[in-house]
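This briefing concerns a single protein model and is intended for reading beside its sequence and coordinates.

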Amino acid sequence: MLVLFETSAGYAIFKLLDENKLKNVSDLYSHFESPEATTKIIKLKHFQKFDDTTEALASAASLIEGKLCKSLKKVIKSHVNSSDSLMVADPKLGAAIKEKFNISCVSSSSAADLLRCIRSQFENLLVGLPKKDLTAMSLGLAHSLSRYKLKFSPDKIDTMIVQAIGLLDELDKEVNNYIMRCREWYGWHFPELGKILTDNLEYVKTIKTLGMRENAKSIDLSSILSPALEDQVKTAAEISMGTEIAEDDIQHIVQMCDEILDISTYRASLSDYLKSRMMAVAPNVTVLLGDLVGARMLAQGGSLVNVAKMPASTIQLCGAEKALFRALKKKHDTPKYGLIYHSSLVGRATAKVKGRMSRMLAAKVALAARFDAFGESETINLDLGTNHLANLEYKLRLMEEGSMTRISGTAKAKAKFEKYQVKREIVQYSAAADSTIPSNKRKIEDADIKEEYSEAAIKKDIKQEPEAQQPPKKKKKKNKDQTNGEDKSINNGADISVKSEQESILTEEQTPKSKKKKKKRELQEESVTEENVVENVPKKKKKSLVVDTSVTEVVTESGKKKKKNKSQIEETEAIENSPKKKKKSIVADTSVDEVVTESGKKKKKKKKDQ
C-alpha cells in the first residue's frame, strides 16, 4: 500500500511496510517516536518538488477544491501502478484519482492518524531538503494561499460604487445649474413658458423644438406636451411680453438644451448601473437602505469592509460627523441620524419615532454589511435583508399604533396583539325592551321609592313643628317682661326697646302665618316705649337714643344685616336743632320699622301720634 503526502515543498509517496500496525491505531504514535522506528514502518518511494511558488499555489488550490493538478497527475502516472492501493487524506481527491487512473484509494480515520504521524517525522524522512528551505516554502505558500482565498472577484469591487455615486451627485448639480441658466436665458424671450411648464425636461425639449416663439403656430408639440399645455403655450406665444433675440442666441440656447438632455440620459443609465452593482456587492444592505442611500453609506465609509467593521452607533450617525462634534463641543443634544435619515423606513416614521427607528435600522444594517462583506458568494442571498426589513416594518407599525405590546415581543405578546386586533364584540338586541307594560320588578321598585319618600317627608314635618311652636312662647314672655320693665325703671327702657324690636323681627321670620295679626300690636308697643324713653331721658342723651333707634339693624331671612335709610338720620339731626315741644312728635314720626314679608321683601310703615 502506498501513501500520498502533500507538503508545501512538493508531493511525497511513501510505501507502508507493515500494514498490521494500522489495525491498532491507539499504539501507532509510539512507533513514530524516533526516526529509526519510523523507517521500520514506512519508507520514502518518491518526492516531487515544486519548481516555484506559482506551481505550489496552483496545486494547493486544486487540492482544496478536490481536483487533480498537472504535477500530481505526472507523479501518480509515473510512480503508482493500477494494482496498488493508494491512501489519501481527502475523500474527494481519492474519488478523482480513482476516476482518472482506476486506482483504488483509501481514506479513513486510520489514514488520517498515519498521515499525522508522518508529518511529525517528515524532516527526517526527506533527504536533501534543508529545514530552512522548507520553512521559507511553507511561509510563501501560506501568504499566496491566503490571498487566493479572499477571492477578489470583479463583482465584489466596491470602488466602482463609490465613484459612481460621486459622479451621480455631481451630475445632479450640473443639470440643475444648466436648467437654471436655460430658464433665465430663454425667459427674456418667452417668460410665460416658464410658468406654464414646471417640469424641467419638458421645458428643455419644448425650447429645442420651438426655437423662436413666433414658430409656435406652425410647430406641433403633441409629442412632448399634453393637448391642454400645448394650447396654453401657443396662446401665450401670441401675447408674450418677451424681448426679441437673434438667431445666434437661439442656436446657443438649443445647444445648451442638447447638453442638458444628454446629461439627463447618461444620469438615468448611471443610476441603473449603480443599482445593479449594489445588488451584486451588498444585496442585503440595498434591501434595507435602498441603492442610493446604501451607495452613499459605502462612499462615506470608504468601502464595504470598512462599513462592516463599524458598530451600529457609527452607522447611525454616519454622515453627521460635523453636527456630532459641534454638539459635543457646545454641550448640546447630539444628532440621532445621518445618511440613514433618507431611507424609506425612517422617512415613513413619525417625528416622535424617528430616533428609535434609525437606531434599530442601523443595528440591522451593521449585520447585513458584515454578512455581505465576509460571507461566501455562494451562500449570500436576500433572505437576511428581507427578514430584517419585515421585522422592522412590524415594529414600526407597533410604535405608531401606540406600543400596544412590547417591542421585543415574545410569542405570547404577539398572540395577544393579534387577538386584540381580530376581536369583534357581538351585541344582541333584547326583545324585552319593546314591551311598554311595566314588569313586576319595576312596580316593586316604584313602591319602595314612594315609601322612602313618604317617610322622609314625615320626618321633615316632625322637625319643623317644634320650631314653629317655640317662637310664640318666647314672645309672650318677652311682652310680659317689657310691661314690667316699664314700671320698674326708666333707665333700662332703651335697651329693652331695642331687644324687643330684634326679637319681634325674629319671631316674624319664624312664624310667617301670624304676621298680619301681630303687626299692629308690636307697632303700638314700640311707639309707647320710644315715647317713654324720649320723655324720661335727659337732654344730653337724646341724640344717642334717637340715633340708636334710627340705626337699628334688621335681620332678614337670608341672615344679612341692613341699616335703615339716611332719611331717618337726617330727621334725628332735625330733632336736635328744633325746639323742645316738637321733639316728641318728630320722634314719633321717625318710628319707622321694616317689616319682612313672606316673600322676603321689605315694607315700611309709619305711625303718627294723635
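Does asparagine 102 count as buried or exposed? At 60% relative accessibility, asparagine 102 counts as exposed, where exposed means over 50% relative accessible area, buried under 20% and partly exposed in between (1.4 Å probe, protein chains only).

The model is predicted, with local features requiring pLDDT of at least 70, side-chain atom pairs counting only at pLDDT 80 or more, and totals for chains, interfaces and linings using all residues. Residues are numbered from 1 along each chain as its sequence is written, and side-chain values use heavy atoms, with hydrogens and water left out.

**Overall make-up**

- The protein has 27 helices and nine strands; these are DSSP runs numbered from the N terminus (helices H or I, at least four residues; strands E, at least two).
- Of the 610 residues, 36% count as buried.
- Contact means heavy atoms within 4.5 Å. Of the contacts between residues at least 6 apart in sequence, 63% join residues at least 24 apart.

**Helix H8 and its partner H12**

- Helix H8 covers residues 159-187 and helix H12 residues 247-281; they pack at an angle of about 155°, with their axes 9 Å apart. Axes are lines fitted to C-alpha atoms, for helices over the stretch in contact, and angles run from 0 to 180 degrees between N-to-C directions.
- The 29 residues of H8 should span 42 Å at 1.5 Å a residue, and the end C-alpha atoms are 42 Å apart, which agrees. The expected span is 1.5 Å times one less than the number of residues.
- Buried residues of H8 include Ile161, Leu168, Val175, Cys182 and Tyr186.
- The buried residues of H8 pack against helix H9 (192-196), helix H10 (200-210), H12 and helix H14 (291-301).

**Helices H19 and H20**

- Helix H19 (residues 354-374) packs with H20 at an angle of about 175°, their axes 11 Å apart. H19 and H20 are therefore roughly antiparallel to each other.
- Among the residues making this contact are Met360, Leu367 and Phe371 of H19 and His388, Leu392 and Met399 of H20.
- By class, the residues of the contact of H19 with H20 are ten nonpolar, two polar and three charged.
- Helix H20 (residues 383-400) has 18 residues, which should span 26 Å at 1.5 Å a residue; its end C-alpha atoms are 26 Å apart, in agreement.
- The buried residues of H20 include Gly385, His388 and Lys395.

**Individual residues**

- Asparagine 102 lies in the loop between helix H4 (91-101) and strand S5 (104-106). Although it is not a glycine, asparagine 102 has a positive phi of about 60°.
- Lysine 331 lies in the loop between helix H17 (321-330) and helix H18 (344-348). Its phi is near 60°, a positive value in a residue other than glycine, and lysine 331 is exposed, with a relative accessible area of 76%.
- Serine 110 is in helix H5 (residues 109-120) and is buried, with a relative accessible area of 17%. Leaving aside neighbours within four places in sequence, serine 110 is in contact with Leu22 and Val25.

Terms used
Parallel < 35°, antiparallel > 145°, perpendicular 65-115°, else oblique. Nonpolar A, V, L, I, M, F, W, Y, C, P; charged D, E, K, R; others polar.
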